[in-house]
Each structure stands twice: as C-alpha cells, then as structure tokens.
Amino acid sequence: LNGQPAVGETPIRVEPKLPDGMKALKVEIYVDGQLLSTLLDVPYRATWNAGDGTSPHVLRAKLYASDGSTSEARVRTVPLLGVQRANVLLVEVYVTVRTKGGDFVTDLGKEDFRLSEDGVPQTISLFTPERKPVQVVLLLDTSASMKQEERLDKAKEAARIFVEALEPDDKVSLVTFSDGVSVLEPFTSNRQHVLDAIETVRPERGTALYDAVFAGADLVGSREGRRALVLLSDGQDLAFDGLSPGSAHTFEDAVNETLKEQVTAYTIGLGANLLSDYDYNRHHSAEEVLTRLASDTGGRFFPVKKPSRLKKAFDRVLDELRFQYTLGYSPTNDRRDGTWRSITVTVSNPALEVSARKGYYAPAD
C-alpha cells in the first residue's frame, strides 16, 4: 500500500520479524490515528474500508513483544490523482495469470500489465498481488437429477470442505435451486451456520438455472469488495416435466446481471452429457452456458464427469480465488451513461494466459 491509492475493502497483513526466542503478543492496527483492530493470533490480518480513494491515509501497525518492548511500522496511501470526489469512478479488475501448463504466475508487478477500455489504454492506479477478502455465493443445483450416482451427497461433502477452507475475512451465502431459488443462509462469516444449512439440502424437481444465476448475482451485487459466484449444476435449464423452461429469466438475462453486478463466476459442470443437454428452447447446451458464464466474467469452468471428483473441482476454485491480482483504474471516459465498456488485460509476456472480466456497465446518473 505504501505510496499507492487505497480504495474500498482493502486487506491489511502484518508479518512481524522477531529475534529467536521472542514472541509477538498482539498487533494493533491504526488508521489516521484511530484504532482499527487488535490482532491476537497469526496470521495478523484485518480488512479496512478505504472509501473512494480521494484522500491520503496513514496506517500504523504496533507490535507488542513478549519481552515488554514495542515496535511500529507505517505506510502512507496517496489519493487518486486528477479526479474530484463527486466524480470518482474506480474500476477494479481481478486478474488471474497462468502458464500454458496451467500453473499460476504470482510474481508479476504493475509494470507487467497493460489494460485498455474500449481499445483505449488506461493508467493502472491501483495494483496489489495480495489476496483480497471475497464475498461468495455458493449456488448448488438441488434438482431431481442430482439424486443420480449420489451426486448431491458428493456435492454437499465437497461444498463443506470448500466453505471450511475459505479465509477468515471471507463471507459466504448458500443458495440452492430446483424449481425455484432459495437463500438458505445469507452472507455470514460463521462457517457453522453455512455447514448446518448444507446438511438440510435435498434433491427435488426441475432446474431453474438461469433464475438462480440471476438471483445469485443480484444477491452478491449489493456487497462491497470482491464478489464471486460458485455454481455447481448437472444439467440444463428445464422444468421438471420437460414441457417448459425452468426459469422466467433467459440465459442472456443471467449473464448480463452477472456482468452488471461485477461478479466473477466459477462454474462446475457435473456429468457426462453437458454438451448434449440443451435448455427447453434448445438455444444453449449446459456446457455452453457454464463455459460462457465463467469466461465472460473472468472466472473458469470446470467439467467434472464423476461425482467423486467434485472435491478437486472445488479445490481448483479455491486456488482461483487465492491467486489473483487486483488492478484498478479511473477510466479516461468518465461519462456516467450506463453504457457497456469492454476491458482488455494483457501482460508483457505473450506466452502467459490472462483471465479477467470482459467489461462492465458504467454507472448512470
């Protein structure tokens, strides 16, 4: 953070370095002289809402050691330049970089990235390779087809492990869908509440897939900070009797809502027939739906043929959430007209693969 702007929900991490035999008792975090948090256990992490980025701040960490001594470290953030408070628009883009072999690349600097909006190069004013806390909607398909091969039992087991592996500052909401969409647990950092809700899930009836994605994006869109949707489904959008669509919304509605709310979608497709399972109007296969939803929003699609491999898929989603860069910029086009703006992110090494959302809708006055 030192010498950089800080905007919105910002993670703070303190790594004390003490002589052998000495222990840290606690760490206090101050922002502009006010106590933000007292940290008693490692890892020493906190989250701070830095606001709109138009003001500078001084962050101070005070360490209390076991020998009675104290020590301090400070960082200073700087304001975003060239903008007035009333007109500040900072666009955050979460970026994953991999080698051709699929390994994550985690050692890049701001100078390695190039970002453009509607083809116009932009200045990256915010950059951090640190993992930021995430608001996650866990969206589980509970339609009747999930009875096959103990799919739902395996899905629940993998979902439990996923929830337990999230970072302490993350918040998660559990949403299920069959004929309708149900929010079983609103956003919480209490993992046991979510685990208890997972246990109540039972398979039944049809698949309102598009309604579920729309509702999940709308739910997490009201949250501050990094927003993600983790979707597990084994089929197409279809009513239980197969004679009508499963959702009131269309696939396009669902994708547009996810993009509008700036949500990154990670999709897990379960089963061997995703390519041949089409929605009611036969416009989109299940694989196309899950692939496009992920790629358009900067996430990834994970096909899983056997329920026993669901845990591995959820582990890969956790890795995706763990290894992301945060880029922020104030668009040269500062009109608040509600229009779609395309985003392109590249890195200096053309051999690397970059995943980022394809754009956003500008706010409207």
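## Largest pocket

A pocket, as the term is used here, is an open set of grid points where a 1.4 Å probe fits, with protein on both sides within 12 Å along at least five of seven lines. In this predicted model, the largest pocket has a volume of about 1100 Å³. Its lining comprises 47 residues, and those closest to the centre are Pro11, Ile12, Arg13, Val14 and Glu130.

Several strands each supply at least two residues of this lining: E1 (9-14), E2 (24-31), E4 (44-49), E5 (57-65), E6 (70-77), E10 (124-128) and E17 (325-329). By residue class, the lining of the largest pocket has 24 nonpolar, 8 polar and 15 charged residues.

## Second largest pocket

The second largest pocket has a volume of about 710 Å³. Leu90, Glu92, Glu224, Arg227 and Gln262 are the closest to its centre among the 27 residues that line it.

Strands E7 (91-98) and E20 (359-361) each give at least two residues to the lining of this second pocket. The largest share, 3 residues, comes from E7. The lining divides into 10 nonpolar, 7 polar and 10 charged residues.

## Helix H5

Helix H5 covers residues 286-297; its 12 residues should span 16 Å at 1.5 Å a residue, and the end C-alpha atoms are 17 Å apart, which agrees. Gly298 follows the helix and has a positive phi, near 90°.

The buried residues in H5 are Ala286, Val289, Leu290, Leu293, Ala294, Asp296 and Thr297. Their cover includes helices H3 (209-221) and H4 (251-260), together with strands E14 (226-233), E15 (264-270) and E16 (301-304).

Terms used:
Residues are numbered from 1 along each chain as its sequence is written. This is a predicted model: local features need pLDDT of at least 70, side-chain atom pairs count only at pLDDT 80 or more; totals for chains, interfaces and linings use all residues. Side-chain values use heavy atoms; hydrogens and water are left out. Helices (H or I, at least four residues) and strands (E, at least two) are DSSP runs, numbered from the N terminus. The expected span of a helix is 1.5 Å times one less than its number of residues. Buried means under 20% relative accessible area, exposed over 50%, partly exposed in between (1.4 Å probe, protein chains only). Contact means heavy atoms within 4.5 Å. On a 1 Å grid over the protein atoms alone, a cavity is a set of points where a 1.4 Å probe fits but cannot get out, and a pocket is an open set with protein on both sides within 12 Å along at least five of seven lines; lining residues have an atom within 4 Å of a point. Grid points are joined across faces, edges and corners, and a volume is the space filled by probe spheres set on the points. Ala, Val, Leu, Ile, Met, Phe, Trp, Tyr, Cys and Pro count as nonpolar, Asp, Glu, Lys and Arg as charged, and the others, Gly among them, as polar.
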